[in-house]
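Please view the structure before reading on.

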Amino acid sequence: MNAGAVLVAGVGNIFLGDDGFGVETVRRLAAHPVPTGVEVVDVGVRGVDLAYRLLDGYRTAVLVDATCRGGVPGTVYLIEAAAEPLEAPVLDGHRMGPDAVLALLATLAAGTGGEPPGRVLVVGCEPASLEEGIGLSTLVAAAVEEAVQMILRVVDEATQPERETTPC
């Protein structure tokens, strides 16, 4: 169990252009020191592995992925993921993106006794191209450092001790 810990997981397929954003971002993040209790992993296209990892009792999970939201390519987003799935996804080991993984968490938790994270965030980047090919587009490559800095801020906030409030 990883109670109180933070998982940062890079998601994506490096053979589909900007879909490799999450993988490249966590690769760069690994060059930065992170607080004790923070695990940084490249899960790539291993959605089932990610689903089971998310049940290890992390307090916070940060998924890093290309995210199509209709913005300008290279735009970095910080998204609070919905805690409850709207519908059960179709299981496909080759196409289990973060949305499908998150939708499965309640079912997997019930079957395994695992504990999903209390908070799930997605650091996403609007892709320019998801066509076959290795390497990020210029706009998305330029956004990687912004995403790394955003993740470091999120991790710092998530690892701060609970602040006690005193009544006035």
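## Contact between two helices

In this predicted model, Phe21, Glu24, Thr25, Arg28 and Leu29 of helix H1 meet a set of residues in helix H4. On the H4 side, the residues are Val140, Ala141, Ala143, Val144, Glu145, Ala147, Val148, Ile151 and Leu152. Sorted by class, the contact of H1 with H4 has 10 nonpolar, 1 polar and 3 charged residues.

H1 covers residues 21–29 and H4 covers residues 138–159. Their axes come within 9 Å and cross at roughly 55°. An angle under 35 degrees would count as roughly parallel, and one of 65 to 115 as roughly perpendicular. H1 and H4 are therefore oblique to each other. The crossing of H1 and H4 is right-handed.

## The sheet

In what order do the 5 strands of the open sheet lie? The order is S2-S1-S3-S5-S4, and the pairing is mixed. Strand S2 (38–44) and strand S4 (76–80) stand at the edges; each has a single partner strand, so one side of each is left without a neighbour in the sheet. On average, neighbouring strands of this sheet are turned by 20° against each other, with direction ignored.

S4 pairs with strand S5 (residues 119–125) in the antiparallel sense, over 5 bridges. For Glu80, the bridge partner in S5 is Leu121.

## Helix H1 on the sheet

H1 also lies across strands of the sheet: S1 (6–11), S2, S3 (60–66) and S5. Relative to S1, H1 runs at about 130°.

Key:
Residues are numbered from 1 along each chain as its sequence is written. This is a predicted model: local features need pLDDT of at least 70, side-chain atom pairs count only at pLDDT 80 or more; totals for chains, interfaces and linings use all residues. Side-chain values use heavy atoms; hydrogens and water are left out. Axes are lines fitted to C-alpha atoms, for helices over the stretch in contact, and angles run from 0 to 180 degrees between N-to-C directions. Helices (H or I, at least four residues) and strands (E, at least two) are DSSP runs, numbered from the N terminus. Angles under 35 degrees count as roughly parallel, over 145 as roughly antiparallel, 65 to 115 as roughly perpendicular and the rest as oblique. A crossing is left-handed if the near helix is turned anticlockwise from the far one by less than a right angle, and right-handed if clockwise. Contact means heavy atoms within 4.5 Å. Ala, Val, Leu, Ile, Met, Phe, Trp, Tyr, Cys and Pro count as nonpolar, Asp, Glu, Lys and Arg as charged, and the others, Gly among them, as polar. Two strands pair if DSSP finds at least two bridges between them.
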